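Please look over the structure shown here, with its sequence, and work through the questions that follow.

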Amino acid sequence: MSFNQNTLLVVLSCICISVCVSGEVVSAGSPVFKTHVDPLYSLNLLTALNDYSDISQYCKDLLDLFGNQYVAYVNCLVPAARPVKVCQNCFVNFENLNKTYTNISSDEVGPAGEVCRDSLLRSDRLMLVFLLFSNLDGIWEKSNCKNCISSDSPSLTNDTLYFLAMLNQTYNCFDQYQQGNHTELCKNCKNTYRDLNILYSEMEKNYTMCIDIEDAMNVTRRRWSKTFNCSFPREENVPIIAVSSFMLFLPIIFYLSSFLHSEQKKRKLIQPKRVPQYSSLMNIQDKLS
């Protein structure tokens with residue numbers, strides 16, 4: 001047997017010894033082929049990182065409070081998605097979250113003289129706390145909730161409460177007459193629905209409307225027009241109807257005025273024959289005589 005053959009046999013023997021244990025072939029899931037890291041090692045590493053944390057206990061407490069309030073606000077937003085009641089149901093949760101984030105992002109000094117803004121917002125490139133709050137704050141701003149929430153205290157404004165009261169009154173009227181013929185509903189609920197539309201238009205002009213009111217009015221109008229098949233001319237449509245009617249009759253007025261003007265010109269062009277003068281008549285009589 002040559003040197004190369006002996007070397008090959010030695011290599012094959014080593015492979016068999018490494019693969020076989022007690023005469024059995026080792027499976028891929030056995031500890032011999034274990035490729036993942038030992039959980040005990042990962043746990044020890046995690047414990048070491050926690051011990052090495054560079055934030056104080058005061059900042060940890062603020063971060064925990066922010067996390068709990070963040071979860072509470074999200075849990076409030078999801079059920080308020082349809083129908084939209086983001087502002088009226090979740091303004092307390094947002095107010096709490098906003099206060100905690102303000103404390104984190106401010107220059108307020110903790111008991112040990114630490115500023116949590118540097119350790120929680122600026123210590124890494126991701127800035128996760130800032131991103132989380134920005135997303136929820138964007139939802140609040142896009143919903144125009146500040147138009148429905150009083151700035152003095154976390155409560156609904158008087159305009160919002162008045163609109164919700166009129167909305168409930170309109171829905172009570174719908175519920176009372178929605179059974180059977182909708183003609184009675186259109187007749188008996190017309191005034192209530194009209195007053196609600198007028199109030200909504202005023203709030204829209206005064207910028208005192210949030211997404212809750214906008215969505216509630218859209219749903220109410222769909223029920224009025226599509227579900228109950230009622231019609232009601234809105235006051236803002238009156239000028240549009242008047243201008244449209246004027247434009248419709250404008251060609252008729254134009255052609256009629258042109259016709260009358262042309263007739264007047266014809267009368268001016270046709271002159272009556274001149275009556276002969278008296279002297280000419282006398283000469284004609286002399287010639288005849």
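Q: Are C87 and C145 buried or exposed?
A: In this predicted model, C87 and C145 form a disulfide with their sulfur atoms 2.0 Å apart. C87 lies in helix α4 and C145 in the loop between α6 and α7, so the bond ties together parts that are 58 residues apart in sequence. As for their accessibility, both C87 and C145 are buried.

Q: What is the handedness of the disulfide of C87 and C145?
A: The handedness follows from the torsion about the S-S bond, which for C87 and C145 is about -75°. With that torsion, the disulfide of C87 and C145 is left-handed.

Q: How many residues apart in sequence are the parts that C148 and C210 tie together?
A: A disulfide joins C148 to C210, with an S to S distance of 2.1 Å. C148 lies in the loop between α6 and α7, whereas C210 belongs to the loop between α9 and α10, so the parts tied together by this pair are separated in sequence by 62 residues.

Q: Which helix holds C173?
A: C173 and C189 form a disulfide, their sulfur atoms 1.9 Å apart, and both cysteines are buried. The torsion about their S-S bond is about -95°, so this disulfide is left-handed. C189 lies in the loop between α8 (182-188) and α9, and the pair ties together parts that are 16 residues apart in sequence, since C173 lies in helix α7.

Q: What pattern do the disulfides of the protein chain follow?
A: The structure holds 6 disulfides. When the bonded cysteines are counted along the chain, the pattern of the disulfides is 1-5, 2-4, 3-6, 7-11, 8-10, 9-12.

Q: Is Y207 buried or exposed?
A: Y207 has a positive phi of about 55° although it is not a glycine, and it lies in the loop between α9 (190-206) and α10 (211-227). Exposed means over 50% relative accessible area. Because the relative accessibility of Y207 is 68%, this residue counts as exposed.

Q: What is the omega of the cis peptide bond that joins R82 and P83?
A: P83 lies in the loop between α3 (57-77) and α4 (86-105). The peptide bond joining R82 and P83 is cis, and its omega is about -15°.

Definitions and conventions:
Residues numbered from 1 in each chain as written. Predicted model: local features only at pLDDT ≥ 70, side-chain atom pairs only at ≥ 80, totals over all residues. Heavy atoms only, no water. Helix = DSSP H or I, 4+ residues; strand = E, 2+ residues; numbered from the N terminus. Buried < 20%, exposed > 50% of the residue type's maximum accessible area, 1.4 Å probe, protein only. Disulfide = S-S within 2.5 Å.
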